[in-house]
Amino acid sequence: MAATATDRVLERFVSEIRLAVPTVAVWAHGSLALGDFQPGRSDLDLIAVVDSPLDGERRDRLAGIHRRLLDEEPAAAKLHCSYLARAALSEVETGHVTWAHGMMLERPVTPVTRRELLDGGLTLHGPPPAELLPPLARGQLEDFIRRDLAEYWLPATSRPLLWLQDVWVDLGLLVLARATVTLRDGRLITKGEALVELPALGAPAEVVRDIHERRYADPEPIGRLRRVRRAVQARAFVRRGIKRTLAMGGGPQGSPPGVDES
């Protein structure tokens, strides 16, 4: 099978960061690992485990690699990578050096990402996630999801102008569906599976169709009136859905794979 642009940029990225810094492992999570990757639309979500915390010189070296890839590899436009020092792999709340949106910043590697990696992360270099990442504590994933819904997404539904943007409509509904399934069933689902779940959760059919076409096809731009109507529908559905999901019980009995029972 011929290598795709995604394959080539991943191979080049892994090769170059290994030359730049001592690299223990590189893993992919998100849609690439879960089997729902859409070239040109999906992010390339990566985690690199390095031997020690990154000093300023190493950060600059890695930023240079990312900028060069952006200039030379179109498929690198959506490549994001968090760099975790091996000794800090268990630090869930700590911000880790991350390349995203064309810049170096710091952000945590969330329990959702950790569960994706433990369930089926794609190993690009080094040992697989299960050999290095500690398991999640019981309830850690669910607590994070509830906090994210309550503290980030619910307040966002009070800002009507946000929901005129495609990205807020897409992410808002998909995050809600995925969160609901995880809290209800204890499993993670892809964005494609979330689209299948949305009608059963009462999502407006027109909005679900709009998201599906934008993810899997090339729809025509929508007009102002339709955009406003879609914003009203999406915002109201997400707000109701978050409140309903947060009111759910504690989820299924027992712990899924990758969860520490202690």
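The model is predicted: local features need a pLDDT of at least 70, side-chain atom pairs count only at pLDDT 80 or more, and totals for chains, interfaces and linings use all residues. Residues are numbered from 1 along each chain as its sequence is written, and side-chain values use heavy atoms, with hydrogens and water left out.

**Salt bridges**

Side chains of opposite charge can pair when their charged atoms come close. A salt bridge is counted here when a side-chain nitrogen of Lys or Arg lies within 4 Å of a carboxyl oxygen of Asp or Glu.

| Pair | N to O distance |
|---|---|
| D36 and R215 | 2.9 Å |
| E57 and R61 | 3.0 Å |
| R230 and D166 | 2.8 Å |

Helices (H or I, at least four residues) and strands (E, at least two) are DSSP runs, numbered from the N terminus. E57 and R61 both belong to helix α3 (residues 56–72), where they are four residues apart, about one turn of the helix. R61 is partly exposed, at a relative accessible area of 34%.

The salt bridge of D36 and R215 links distant parts of the chain: D36 is in the loop between α2 (31–34) and β2, R215 is in helix α9, and the two are 179 residues apart. Both D36 and R215 are buried. The loop between α2 and β2 also holds Q38, a buried residue with a relative accessible area of 18%. With contact meaning heavy atoms within 4.5 Å, Q38 is in contact with R215 and Y216, leaving aside its neighbours within four places in sequence.

R230 and D166 meet in the salt bridge at 2.8 Å. This pair also links distant parts of the chain, with R230 in helix α10 and D166 in helix α7, 64 residues apart. R230 is buried at 4% relative accessible area, whereas D166, at 27%, counts as partly exposed. Both residues belong to a network of salt bridges that also links D170, E206, D210, R214, R226, R227 and R229.

**The sheet**

Six strands form an open sheet of mixed pairing, in the order β5-β4-β3-β2-β1-β6; two strands pair if DSSP finds at least two bridges between them. β5 (103–107) and β6 (122–125) stand at the edges with a single partner strand each, so one side of each is left without a neighbour in the sheet. Neighbouring strands are turned by 25 degrees against each other on average, direction ignored. Strand β4 (residues 96–100) runs antiparallel to β5 and is joined to it by five bridges; W99 stands opposite M104 in β5.

Helix α1 (residues 5–20) lies across β1 (23–29), β2 (44–50), β3 (79–85) and β6, running at about 20 degrees to β2. Axes are lines fitted to C-alpha atoms, for helices over the stretch in contact, and angles run from 0 to 180 degrees between N-to-C directions.

**Nonpolar cores**

A nonpolar core is a set of buried Ala, Val, Leu, Ile, Met, Phe, Trp, Tyr and Cys residues joined through side-chain atoms within 4.5 Å. The largest has 34 residues, and those with the most contacts inside it are I145, W163, L173, L198, I211, F237 and I242. Two or more residues come from each of α6 (140–156), α7 (166–185), α8 (191–197), α9 (205–216) and α10 (224–246). α7 gives the largest share, nine residues. Apart from this core lies another of 27 residues, among them F13, A20, L54 and Y83.

Not counting residues up to four places away in sequence, I242 touches L149, W153, L154 and L176. V169, in helix α7, is buried at 0% relative accessibility. Beyond four places in sequence, V169 touches W163, V207, I211, R214, R230 and A234. The C-alpha atoms of V169 and Q233 are separated by 9.6 Å, while the residues are 64 apart along the chain.

**Confidence**

pLDDT is the predictor's confidence in each residue, from 0 to 100. The chain averages 92, and 94% of the residues score at least 70. Among the elements, α6 has the highest mean pLDDT (98) and strand β8 (residues 259–260) the lowest (44). Over residues 251–262 the pLDDT stays under 50, and the model has 25 contacts beyond four places in sequence for them. Where pLDDT is low, the predicted coordinates should not be read in detail.

Note on methods:
Buried < 20%, exposed > 50% of the residue type's maximum accessible area, 1.4 Å probe, protein only.
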